[in-house]
Protein chains: 2
Amino acid sequence: MDVSPSVPVAQPRRLAELPLAKDMSHHINRLTKNRQANSLKEMYKYASLPGMVSMAGGIPSPAYFPFETLSATILPYDHLPLDPPRVPGKEKKSLLSWLFGGANISFTIPKYAEDPKDPMAISLATSLQYQAATGPPAFPKFLRRYVEEIYKPAYADWDVILDVGATDGFAKVFNMLLELGDSLLVEEWTYPGAMNAYMPYEVNTVALKMDAEGVIPEYMENVLANWDDSKGRRPRVFYTVPTGQNPTGATMLGDRKKAIYAIASKHDVVIVEDEPYYTLFLGKYQQQGTNATPLQQRQIELEKQEGKEGNAAFIESLPPTYLTVDTEGRVIRLDTFSKTSCPGSRLGWITSSPIFVERLTRIAEASTQAPSGFATAMTITMLNTWGWDGYMRWLRGIKAAYKMRRDWMCDALADQFHLEFDDGALNPLVRDTAGLGRGFTAYAKHPTGSAEAKWDEKRGVVSSRGTPLCSFIPPTAGMFIFLAVHLDQHPDYHLLGNDADDVLMGKLWRELAEHLVLFAPGIGFDSKGPHNIGGKGVGYFRISYSIITYEESRSATATFAKVLTKFLRA
Amino acid sequence: MDVSPSVPVAQPRRLAELPLAKDMSHHINRLTKNRQANSLKEMYKYASLPGMVSMAGGIPSPAYFPFETLSATILPYDHLPLDPPRVPGKEKKSLLSWLFGGANISFTIPKYAEDPKDPMAISLATSLQYQAATGPPAFPKFLRRYVEEIYKPAYADWDVILDVGATDGFAKVFNMLLELGDSLLVEEWTYPGAMNAYMPYEVNTVALKMDAEGVIPEYMENVLANWDDSKGRRPRVFYTVPTGQNPTGATMLGDRKKAIYAIASKHDVVIVEDEPYYTLFLGKYQQQGTNATPLQQRQIELEKQEGKEGNAAFIESLPPTYLTVDTEGRVIRLDTFSKTSCPGSRLGWITSSPIFVERLTRIAEASTQAPSGFATAMTITMLNTWGWDGYMRWLRGIKAAYKMRRDWMCDALADQFHLEFDDGALNPLVRDTAGLGRGFTAYAKHPTGSAEAKWDEKRGVVSSRGTPLCSFIPPTAGMFIFLAVHLDQHPDYHLLGNDADDVLMGKLWRELAEHLVLFAPGIGFDSKGPHNIGGKGVGYFRISYSIITYEESRSATATFAKVLTKFLRA
């Protein structure tokens, strides 16, 4: 293949009001500076002339594609309810009936488009043919609207390019920016998939301390302002997961992002924001039997509404992104369809300045090319079948579903432990939670029927305090609870010396696995720098509530409470 | 995502008879040596325990995948005839009826497999979920059979890994092997898509001279044996397209491959064989009105047979691959579904030794992950629906279709020009064609009705010779004719000085484009080394016959003959 007709790039938007991206080309590494555009540009000028007999491209005849039609049955966009019951089966409606929505929708993609000259038409003859690395024109068109309406970028000439998922996205970005031995800013706990992509560059990872809202600006400023050049070049790239951070669940709101962006701008740092969980901004966990504030209640009610008003409330509820505050084009944002459609699509996109998007296009041309046409054709047809408002409604259903699952898991913890609010004394996650909810520290419940339990009941409290067992903040976004185990409460802790944390966490993790409960050990997410979240005497589990059933959330948490209580001999 | 349950790798085959791959780890570059396997291996041991509640993976719930079913209508495997008529419409059967075969076949992939524990089942709940970088187990299973039966590797412990097409394949291979500034062996004319992937490494490309069978062994031996170390490290990697080479159309048979392999082995060179056109090994072009030899005729008859015998004849007809002669595991073979199914699948695979496949798996985990599940689910279901024999028959239909198109194009050239056999005097493509067919040099035909034409007719010859205009060898494989234009016949040639070739080819190319005939200029394929094919006084076009209609092949060639004849004022 060597014909990749180029697609119109960046449509400058709101040019009158907004600045253009600054020149960031000094951030591009040597390998990527070396990349050349396809040398056959002049050919494209002629290729589209009417009547042209093109014998230039090494492309197979679509007549010999074995696929004649592709079809899909998809769920209606309103399949998932906006307000699922907190406890399945406790409502009058059955589990099946609250998956209410309309009927399934079918569509078929034909081999040849009705109007083969319509660049927005989706047909197998084009989707299953070689395509420009930027993908079928209908896709960037949809994404540009999405970026404009949801993220509202603060400069004019941004553009998008498809990738084959966020892992491919950050792999390409590191491939574009990093030189061997560079220093790289990361969060103190971070995603191992990204580590696997940046560590081979022999990077000196500079871990930034976090709290429940993510990286702490003062810490970041301090690192950059006092950089010791003898440790090599000052870091120029910051990799971050701002929403539902993996693994901590931290979510950064607008003011914090502004502060971090200002520091990045001052020290000329490129921000790579990897946002798989962005639309899973679930809102605050509300304990059963407690009331939301009137303001929160109003937002909840608004988001329960079907139709445009509810959609608008949903968009309004999302945190501003780094793109929203980026006036210079120093942000590279990664989005993916893995959590909003399906991971197997291997489909996502990068939004950034023209200079970065151009280089990323060159990288794509010489590696992945366009994502699979099966994935793009199916996904864009699904999006266009639902329509813009339909897709917004779908995203709201997904959000409500994971909110329900988050609540299952937090409710299960609340039921199995005695939880007390904790504003930082014991809970290393808590510092300044900026309205994102308060942390809990969990204590053993007295056994039902015990004298202590009866006495507690009489007094109207759940439990009297004992040994603190674990702490967490109910996440406001994403799929994970990052749970701190108070290992220093273990009776043998001080006998085990320096290895105590690792030894005990390993032991507890295996103990749980043998009781058929599998958590992800926190150690795999450790950026191995100084910690604000955690440190001596604390071990972490990342608990994913994304795929377990309600019953599993109950039984696994009961097992966890029993094993942990015994383990710490509380 | 961070759970990628590993799939069983390399099933050692014929261990009793065949050697194991040698250790080639010294060829792996620093970046790739740095890559780490996923750190959560211990988790997988537990993850598959019955009754395990896994809260370890960051994976979305398949209940929220919008796709409920995917369906396809595919052509029957015998859709394309094995013996299409040379001239469409000249047969009694209509164009439609010789696309005979059976009826189209439909299949539907359900969301959940009937037996969810069957690792070979294809369902959307698994295909559209995160998958191991090695892809769904059913796919490597099919490919291992294909490699074993078609390529018959000469060592035991080879394995396969999926990629997202051959471009991704060689990008990963270069990413694994090349250091900045390395020397790289390439063919004197080569594929620009590969250049775009290796040139950024600032490689010193060492172009190897070719003839109609590809790289000339003596030349390669000479380059390696007399390597001047002051030019840097001796090349350790050779990138080649052995079948239907892009752009020359050269095809290397078994004996030549053995000779090249021996040289590679002697000098410790890794061979990267990129084989998009392998099953498009079309056989020799037979001019209309001439007869094949009895041996050739027998092969043609065998390949016309439906069923297992014809399939066996097809497999038998394919050239031995580098894998077939590789006893050490120094070959990395790239295959793709782009030409046999469709390019938009972005699906191919790499076959190599365990050490290379393991590193390529690490690279995939940290970039593309598995190919799109839409593509793998659709493709493997299609293959399994057709079955092994069906797929062989499909490949034969594709081969026959491109053979037909090759013949259209060569017949059109034969009709528009007066062709004479040329064994090297004028045709730079011809050296020792090893039974691959003889080259032609083309002269102007005398205009119909002219005195010269009438005289020629009377004598029973097509034309008397005049100025040689162009030369080519009808390709025995692939999609391209690499056509040499005799620029030195241009009356102004010697006035134009050193730039004559570039100036005249540019002029001729634009002249053709303005007459609505678009060829690929040869210059884009030039490895910029010394040439055996071409050189001063000759310019090249790569003419693709893969997508044009019969009528277009006639009209475009007539235009070409007219423009070229006028251009060279013959």
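**Note on a predicted two-chain model**

1. Chain A exposes about 20800 Å², and carbon and sulfur atoms supply 54% of that area. Accessible areas come from the Shrake-Rupley method with a 1.4 Å probe; for residues, only the protein chains shown count as cover.

2. This is a predicted model: local features need pLDDT of at least 70, side-chain atom pairs count only at pLDDT 80 or more, and totals for chains, interfaces and linings use all residues. Residues are numbered from 1 along each chain as its sequence is written, chains are lettered from A and ligands numbered from 1 in the order in which they are written, and side-chain values use heavy atoms, with hydrogens and water left out.

3. Chain A has 16 helices and 18 strands. These are DSSP runs, numbered from the N terminus: helices are H or I with at least four residues, strands are E with at least two. Of the 570 residues in chain A, 63% are buried. Buried means under 20% relative accessible area, exposed over 50%, and partly exposed in between (1.4 Å probe, protein chains only).

4. Take the contacts in chain A with a separation of 6 or more: residues 24 or more positions apart account for 78% of them. Contact means heavy atoms within 4.5 Å. A:Asn384 sits in helix H13 (residues 373-416) of chain A. A:Asn384 is partly exposed, at 46% relative accessibility.

5. How are the two chains related? The same surface serves both copies, as 100% of the contact residues of chain A recur in chain B.

6. The structure holds 13 cavities of 30 Å³ or more. The largest cavity has a volume of about 360 Å³. Of the 23 residues that line the largest cavity, the closest to its centre are A:Ala171, A:Asn175, A:Ser367, B:Asn175 and B:Ser367. On a 1 Å grid over the protein atoms alone, a cavity is a set of points where a 1.4 Å probe fits but cannot get out; lining residues have an atom within 4 Å of a point. Points are joined across faces, edges and corners, and a volume is the space filled by probe spheres set on them.

7. Helix H5 (166-177) of chain A and helix H5 (166-177) of chain B each supply at least two residues of the largest cavity's lining. By class, that lining has 11 nonpolar, 6 polar and 6 charged residues. Ala, Val, Leu, Ile, Met, Phe, Trp, Tyr, Cys and Pro count as nonpolar, Asp, Glu, Lys and Arg as charged, and the others, Gly among them, as polar.

8. Check the backbone at A:Pro247. A cis peptide bond joins A:Asn246 and A:Pro247, with omega about 15°. A:Pro247 is in the loop between strand E9 (237-240) and helix H8 (254-266) of chain A. In chain B, the bond from B:Asn246 to B:Pro247 is cis, with omega near 20°.

Methods:
On a 1 Å grid over the protein atoms alone, a cavity is a set of points where a 1.4 Å probe fits but cannot get out, and a pocket is an open set with protein on both sides within 12 Å along at least five of seven lines; lining residues have an atom within 4 Å of a point.
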